[in-house]
Every structure is written in structure tokens, then in C-alpha cells.
Amino acid sequence: MTGSATSALPVDTVQHEALFYRTAQEFVAGTARFVRTGLDTGDPVLVAVPGGAKIEALRSAAAGAGSVQFADMTEVGRNPARIIPFVRRFADQHAGRRVWFVGEPIWPERSAAEYRECVRHEALLNTAFAGTAITIFCPYDVAGLDHGAIADAWRTHPVLVDGLDTRPSPGYADPAMLYAADDWPLPDSPTGAEVLPYQHHDLHRIRELVLRWARLAGLGADRADDLLVAVNKVATNTLAHTDAGGTLRIWREPPTGRLVCELRDTGRIADPLVGRRLPAIDAERGRGLWLANQFCDLVELRSNEHGTTVRLHASQRS
Amino acid sequence: MVPAPFGSQQSEHAGVLCSVVTGAEPRAGDAGPEGDDLLTISPLNRRVGLRLDGEVDLLTVARLERALRGLPGVDGDVHLELAGLRFIDLSGAAALAAFAASLGQGRRLLLQDPPLMLRRMISLLWPQQPGLTMSPP
């Protein structure tokens, strides 16, 4: 019985379950059961799944779903780092109540880079909502995803749901360990990347370079502006937090032609939730990465004792 | 002062507060520790306010903050003409929001023709900032 045990838990506990489904019917049955459990308890329910068809199927399956808030995950979660602040806002709006969240961040068409960040997002959900009264339910398309994705779901979810069977995950891993930089190495940048080392007084040059590549990549003025603000802010962070300057690399990612800007410096960002908290309570650097997450299709952040690498992705569709 | 938010479209560009580097093409950002060639800040001559031409970033934001603080603290709104603003970073947007917050009750900071990136940052980060008003796109 999905989630039925939650009412017995202390109110400030995060619960995080993965549903493995093989067909559309299994998706609807399992997810609608979760939604109805939340509604029956009188709690607020938030559903973010990819595509209008899934939303409509759930809307008609969960009778009385008028009090459920639906969102298209391909929009709110295009950059998976936007999901935690999105859910946090919903939880804050319903403070004092347990909230129920259906989130399907991973689907078969996700790129390899997006997939890596989705897994890290799934791990960080456990960290971000520790101490929050929330039950999180993540449907996984077992038929469409490869075995590695299912193994990763075991690692990121303390509880697994398969049909009517609910059990603890035998593979659940510590979220901080899972998030750690060494687990998710970034592929090398291509040899054709343009390289620009930067110091103070080079921000203008960085912006010129980004704009030139944005035009080559066919980005419209709005998307180019977003990328420009994000790259400029990350480079400004380098100059504010390190003495050694940084290195910018720009390339277009085959086969999509998506533009990638990579900034490397010698700084260290220790907080795994940086860029995923609402900026009012965050430091200057966190606010910049939060903005980058809002403005870019994907942000890859790796930081360890050797330094920090941030890759910002932008494409025309937003 | 009667609030006249966005009535006058023509520039009120008067004097130039900060020297503009002239002569053989300087490399942008190289001129002076505060990027003198990147941003020109000019007072408006019929209203309280400034016209900004160029780019607000790490090098130039301190000059913007000083110019805002130096505006006469009279009643009425403060006008910023931003049609010539080619770039503004997060710290620049934050400086405008903070200045709007510092204005007293009933006073507004009116942004005329803000660039799209400034609209985006304000709508994301300071959507409810009292006194911060943008001209329609």
C-alpha cells in the first residue's frame, strides 16, 4: 500500500519512493493510487510528470484531483536542478502540512549529461528535504530506460514500489557520497573548443566570445541574454573567490549543436545544494548558480579539492 | 514632484559624469580600474535620475552605486534611462533593487527601456520589490 504508512511517521520525515512501471496502465494505476492516498489524508499534492498526455491520464484517473497541482516536468524540470526549488516553494506554501510530490525527472529521451544530473538530483532530494514533512514518489519507465537507470533508482530511493509490492531498497546509497564529484566525471571537452583564460578585466571579452558563439549556434536574443548573464556571473564568482583567475571553454555539443560554456577555476564549492535553494537565504555565489539554473537548460557542477568546473548548456527551445 | 513615469521618450541626456576614453580604440575593460570605457553615467537635466550607456559588471557596478547614492534625496521618483544599456549583471540588478528599496514610502525607481536581461532578473528575483517599476516592453 503506497504511502499508507506515512501518517504514522513523525511529521518531519522525508519519504522517497520509486515506482517501476512497464506500461501506461501500470504508470497510471500506481501513480493515481499515490495521489489518492495524499488527497484522502487531506494533504496538498503536486504532480510533475513529462508531457500533457501523462498529466491528462492522471487527472482523469485520480477522481477529485481538482486540488492537485499539475506541472509538465519537461518544462519545470528541463534543467533538473530547478526541481528542488520548485518543490520547496510548494512545501513552503503549505507549511504545517505533509505535502505529496510525484516527480518523474528521468525519461528515455534525456541526454547522457541530463541523465547524470537527474540522478544527482534524485540523490539530493533526500538531503534537501530531510526534516521536511514530504512524501516523494518517482515513476520510472522500466520498459524504456536501461538497466543502469534502474540500478541508479535503487541507489537514490530508500523505498521501491513495484505493483502492489513496497519494500526498502537494497541498494540505497548515502546521498552525499552519491552526489560526490568523483562519481560523475564529465566527458572531456572537444579539441575544437575555443579556450579563453580570464582574469580581472576580461569579463567584457568573455561576453563578446559568448555572444559570437550564441549567434553561431542560432540562439535568439532572449536565450543568448540568459546564457550571457549566467556565464558572466559564474566568471564573476571566479574573480571574487579565487586569485588565480579561470579558464573558459566554449563548444557546440554534437549531435544537437547545443552550446556549452565551461568555466574552470581553483575555488571549491562544498555545499551540494548550492544553486537549488531560493536565493533570499543564500550567499552571493549560491544566488548566481541559482540564477544559472533558471537561465540555462542544464548546469553541470563539479567541485573538489582541485577546483570547480561549471558547464552551462543553452539551446534555442526553452 | 508630479510622477511622470514614462511620458517622455526623448532623451534628457545632459552632461557626462564620467569621462569617456577617446583616441585609439582601447581594449574594452582595460581603461582604468573601474572600466571607464565600459559604462557612461549621465545625469538627466529635467528629472531626478541617470542615463546609463554601456555595460554594468564587476568593474563598473561600484560607479553605478555611487552615482545612485549621489542623486539628490528629494521627494518624487527617480528615473533611469536604460535604452543604451547593453549589459547588466546580477550585481547591477541587485544594486537597482536595493536602491529602490532604500527610497522612502511612495517614491519609485522608474526603469525606462530596461534591456530584456534586466527584466528577466527582476521578474525572477525581485518580483514584488516595492518602488521598482519598469516601462512596458
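Visitor: How many helices and strands make up the secondary structure of chain B?
Guide: This is a predicted model. In it, chain B has 3 helices and 5 strands. Along the sequence they run β-β-α-β-α-β-α-β.

Visitor: How far does the predictor trust chain B, in terms of mean pLDDT?
Guide: The mean pLDDT of chain B is 82. Of its residues, 77% reach 70 or more. Residues 1–30 of chain B are another matter: there the pLDDT is below 50. That stretch still has 53 contacts in the model beyond near neighbours in sequence. For the model, ipTM is 0.88 and pTM is 0.88.

Visitor: What share of chain B is buried?
Guide: Buried residues make up 37% of the 137 residues in chain B. To be counted, a residue needs 20 or more other C-beta atoms within 10 Å of its own.

Visitor: Which buried residues does helix 3 of chain B have, and what makes them one side of the helix?
Guide: They are Met117(B), Leu118(B), Met121(B) and Ile122(B). Around the axis they cover an arc of only 130°, so they sit on the same side of helix 3 of chain B.

Visitor: Which element gives the most to the side of chain B that touches chain A?
Guide: The contact takes 17 residues from chain B and 18 residues from chain A. Helix 3 of chain B gives the most to the chain B side, with 6 residues. By class, that side has 11 nonpolar, 1 polar and 5 charged residues.

Visitor: Turn to chain A. Where are its domains, and how do you know that they touch?
Guide: Domain 1 of chain A spans 6–182, and domain 2 spans 188–314. Their centres are 29 Å apart over C-alpha atoms. The test for contact is C-beta atoms within 7 Å. By that test, 16 residues of domain 1 of chain A are in contact with 16 residues of domain 2 of chain A. On the domain 1 side, helix 5 of chain A gives the most, with 6 residues. The residues of that side divide into 9 nonpolar, 2 polar and 5 charged.

Visitor: Which residues touch the most other members in the largest nonpolar core?
Guide: That core has 66 residues. Leu227(A), Ala230(A), Val231(A), Cys261(A) and Leu312(A) touch the most other members. Helix 9 of chain A supplies its largest share, 8 residues. Apart from this core lies another, of 46 residues, with Trp100(A) and Ala153(A) among them.

Visitor: Why is one face of helix 6 of chain A called buried?
Guide: Its buried residues are Asp152(A), Ala153(A) and Thr156(A). Seen down the axis, they fall within an arc of 105°, so they line one face of helix 6 of chain A. On the other side, His147(A) and Ala151(A) are exposed. The buried residues of helix 6 pack against strand 1 (14–21), helix 5, strand 5 (134–141) and helix 7 of chain A.

Conventions:
Residues are numbered from 1 along each chain as its sequence is written. Chains are lettered from A and ligands numbered from 1 in the order in which they are written. This is a predicted model: local features need pLDDT of at least 70, side-chain atom pairs count only at pLDDT 80 or more; totals for chains, interfaces and linings use all residues. Domain bounds come from an automatic or database domain assignment. Two residues are in contact if their C-beta atoms, placed from the backbone, lie within 7 Å. Helices (H or I, at least four residues) and strands (E, at least two) are DSSP runs, numbered from the N terminus. Ala, Val, Leu, Ile, Met, Phe, Trp, Tyr, Cys and Pro count as nonpolar, Asp, Glu, Lys and Arg as charged, and the others, Gly among them, as polar. pLDDT is the predictor's confidence in each residue, from 0 to 100. A residue is buried if 20 or more other C-beta atoms lie within 10 Å of its own, exposed if 12 or fewer, and partly exposed in between; C-beta atoms are placed from the backbone. The arc is that of the directions from the helix axis to the C-beta atoms. A nonpolar core is a set of buried Ala, Val, Leu, Ile, Met, Phe, Trp, Tyr and Cys residues joined through C-beta atoms within 7 Å.
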